[in-house]
Amino acid sequence: MIKSTNAKFHKSIVLYILGLLVLLNRFFILKEFNFQYTGTDDLVFWQAAVDYSQGIFHEPYFYGQDYNFALESILAVPLLLIGIPAFIALPLVSSFVGIFPFFVFAIALFRKGFTNDAFLFLLIPLAMPIEYDIITSVSRGFTSGLFFCSFLIFPLLSPTKIKSFIILGLAVSFGYIFNANSLILSFPICLYLLFKNYKSPYFYLLGLAATIPAFLILYFSKEFYVNHPEFLTHSMWGLDFKFARVVYGLSHLDDFFRYLTPVLWSGNWLVLLIILFLAIATLKKNWKKGVSLLLNLLFIVVLLGITKIHDDAGVIFLSSTRMFLAIPLLFGVALFWTKKDFIDENKLRLIIFTVGISVFLVKISSYETVIKEHTEETNYGAIAIKKIDDLKVECSEINEIATHYDVDLLVFIPNYRYNTPYMISYNLGCSIIEEQMASSVMSTYERRTWVFEKEKNTARKTVLLYNLNIDETKEYDKFIEYEFIKGKPNMVLVRNNDKTLFELSKVFDFRLMRSTY
């Protein structure tokens, strides 16, 4: 009895140490990256969180588009309400969402006596490349679907129980509507439960009934944009399939599976082979599990033919990797299903613990180098990153200018020199960082429809056209009092104005439009 108690205690210690290392790893990522840098899409999540904390819900999805619910913004609301600023609250929540599934799987498995499998689920996030840690901790909704799929461990452990059918339907459906990348994890688990319960009417009735809430949310959210198309600046990519893309994907595996292999950080091309190997190993012991993994492998290959999967800017902040973030969790499920009787349990535990410590020590010495490599360039066209301290300084300078001239409206105008992502960072970031900031709007690609529509048709007394270049020798309108302010960037200050923003755009010849791309 004493020996059994000691063994359980020692196993608990290993679990706690591995869990602590996972949290420490995330702490260093937060400290070195997330609390230092933000991206233009992250700022939309900041804005949504601030709005939600005030009870304001403008539209269902990520502002300006018809997909991607802002789960992190919702979860950050309590932190904002107790005074934690958005640039701290959002990274904290996003980092938590990114590792939540691994902890849920590990704790549930440990409680059921699958100790080494629990350790493996904690080793996996610890042993992933630093780039994976960054991708799964930015506020972009990349892991929101996997957050809900965390609960699939319960039907996985009790595949024939009635309540498992309900949990399965809820987890899969909410995972899907929040981010369809969760299907890579949920699909094989669904198949396995189907093989186990195909004769049970309750499996179909309860499982399908449990999906109704999620799909009602999905339906009404989509209908919102059908009825209000003016809210769109960026529509969902087409999901058309082309076999040629599959061929391309199979010959460029690293483009899709970058940073997805634990320990073997440069072995991303091995992802499909690893899944195939684990599927065959499982098939010999349990055909239901093995076939589920094999069909999921085929599903992943088919996904390579879908247009959206190829939405890649070649950088970690916008890469196809985000479409396959469920693969590390899939590895965990496959390893759980694979019999490990070829090695002594104690030896396996020692290997897991040793690898965990070793990888953590390697990562500690690599954070600065890896982060520097990925932040040397900050503007990637469709998206940009910015140092939060730099953004604070620049927002303070903009606020000083606006205060000095008693500006009522700031209009941020993108051009070739200061493009859309730069202007977005000021338009959204400054209003959150600077409490007394003047109202602002983007001349193009303004994601906040309600702001754009209001300002377009409103005459503000003092308007600062930020980043507008004009011909100083030309008289644009003798009835408008304006001043050209040279600087970096150039600005035009309009005083005693009685024209709407739309009318000013015609006078000074700058684009004022909601663009859909």
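## The largest cavity

Helix α1 (2-34), strand β1 (37-39) and helix α2 (40-53) each supply at least two residues of the lining of the largest cavity, where helices (H or I, at least four residues) and strands (E, at least two) are DSSP runs numbered from the N terminus. Strand β1 gives the most to this lining, with 3 residues. The lining of the largest cavity comprises 16 residues, and Y37, T38, G39, D42 and V138 lie nearest its centre. Its volume is about 120 Å³, and the structure holds 3 cavities of 30 Å³ or more.

A cavity here is a set of points, on a 1 Å grid over the protein atoms alone, where a 1.4 Å probe fits but cannot get out, and lining residues have an atom within 4 Å of a point. Grid points are joined across faces, edges and corners, and a volume is the space filled by probe spheres set on the points.

## Basis of the model

This is a predicted model, in which local features need pLDDT of at least 70 and side-chain atom pairs count only at pLDDT 80 or more, while totals for chains, interfaces and linings use all residues. Residues are numbered from 1 along each chain as its sequence is written, and side-chain values use heavy atoms, with hydrogens and water left out.

## Aromatic pairs

The structure holds 38 aromatic pairs, a pair being rings of Phe, Tyr and Trp (its six-membered ring) with centres within 6.5 Å, and planes under 30 degrees apart count as stacked, over 60 as edge-to-face and the rest as tilted. The rings of F195 and W287 have centres 5.3 Å apart and planes at 40°, so this pair is tilted. It links distant parts of the chain, with F195 in helix α10 (residues 183-197) and W287 in helix α16 (residues 287-303), 92 residues apart. F195 is buried, with a relative accessible area of 17%, whereas W287 is partly exposed at 47%; buried means under 20% relative accessible area, exposed over 50% and partly exposed in between (1.4 Å probe, protein chains only).

F203 and Y204 form another aromatic pair, which is edge-to-face, with 5.3 Å from centre to centre and 80° between the planes. Of these two residues, F203 counts as buried at 9% relative accessibility, and Y204 is partly exposed at 36%.

## Cysteines

With a disulfide taken as a pair of cysteine sulfur atoms within 2.5 Å, the count comes to 1 disulfide. The bond is formed by C395 and C430, whose sulfur atoms are 2.0 Å apart, and with -80° about the S-S bond the link is left-handed. The pair links distant parts of the chain, as C395 lies in helix α20 (residues 388-404) and C430 in helix α21 (residues 420-433), 35 residues apart. C395 is buried at 0% relative accessibility, and C430 is buried with a relative accessible area of 1%.

The sulfur of C149 is 8.4 Å from the closest cysteine sulfur, which belongs to C190, and this is too far for a bond. C149 is buried, with a relative accessible area of 0%, while C190 counts as partly exposed at 22%.

## The buried face of helix α22

In helix α22 (residues 449-456), the buried residues are T449, V451, F452 and E455. Seen down the axis of α22, these residues fall within an arc of 165°, so they line one face of the helix; the arc is that of the directions from the helix axis to the C-beta atoms. Among the elements that cover the buried residues of α22 are β3 (409-412), β4 (439-442) and α23 (501-507), with contact meaning heavy atoms within 4.5 Å.

Conventions:
1 Å grid on protein atoms, 1.4 Å probe; cavity = no way out; pocket = protein on both sides within 12 Å on 5 of 7 lines; lining within 4 Å.
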